[in-house]
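Here are my notes on this one. Have the viewer open while you read.

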Amino acid sequence: MSERSTLGGLRARMGQLTREIAKFGVVGGAGVFVNLAVFNLVRGVTELPVVRASIVATVVATCFNYLGYRYFTYRDRDKQGRTKELSLFLLFSAIGLIIENGVLYTATYGFGWDSSLQSNVFKFVGIGLGTLFRFWSYRTWVFRTLPAREAVERAEAFLSEAPPAQATRKQPVRK
């Protein structure tokens, strides 16, 4: 395997990861907007405590994000076993919800930082930490790469990296 072909394969994988992160970011950015908008709406029109309002907002954003991830970010991934996919998505989203709202809970009840601005800042920080976990878990466990596509890509990469065919030497003829 030549250094050039290895570098080309690495560049291709990095390009694919960059596109995936960008798509994840588009959906996630829209989800952050939905999350913060619902959070502030619920806080403004109800008497729910701050963390409960945040949980409602996170659940709404999670539903929004699932649709975006399934039909935009990971639309080319394996679509077999939707029940398992959705179950894993909800499990990892629940862990992300705990991370996200744990930050808000700690700031609000642990340090008494509960003004509207402080709540939004810590909600945003919690979303950021939860998002790191979600990105890793969704791409690793939920929206898995199609095995067949992976095999084809590896085979194509192997064939493109193979050294040129060498001329065969004539074998002496035995009598």
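**Notes on the packing**

1. Start at Phe143: leaving out residues up to four places away in sequence, its contacts (heavy atoms within 4.5 Å) are Tyr66, Tyr69, Arg70, Tyr74, Arg77, Glu85, Phe89 and Tyr138. Bear in mind that this is a predicted model, where local features need pLDDT of at least 70 and side-chain atom pairs count only at pLDDT 80 or more, while totals for chains, interfaces and linings use all residues. Numbering runs from 1 along each chain as its sequence is written, and side-chain values use heavy atoms, without hydrogens and water.

2. Phe143 also belongs to the largest nonpolar core, 11 residues including Phe24, Val27, Phe92 and Phe135. (Such a core is a set of buried Ala, Val, Leu, Ile, Met, Phe, Trp, Tyr and Cys residues joined through side-chain atoms within 4.5 Å; buried means under 20% relative accessible area, 1.4 Å probe, protein chains only.) Helices H1 (3-45), H2 (50-73), H3 and H4 (116-142) each give two or more residues to this core; helices here are DSSP runs of H or I, at least four residues, numbered from the N terminus. H4 supplies the largest share, 3 residues.

3. A second, separate core has 10 residues, among them Phe39, Val50, Val51 and Leu104.

4. Buried residues in H3 include Glu85, Ser93, Glu100 and Asn101. Gly112, with a positive phi near 75°, follows H3.

Key
Buried < 20%, exposed > 50% of the residue type's maximum accessible area, 1.4 Å probe, protein only.
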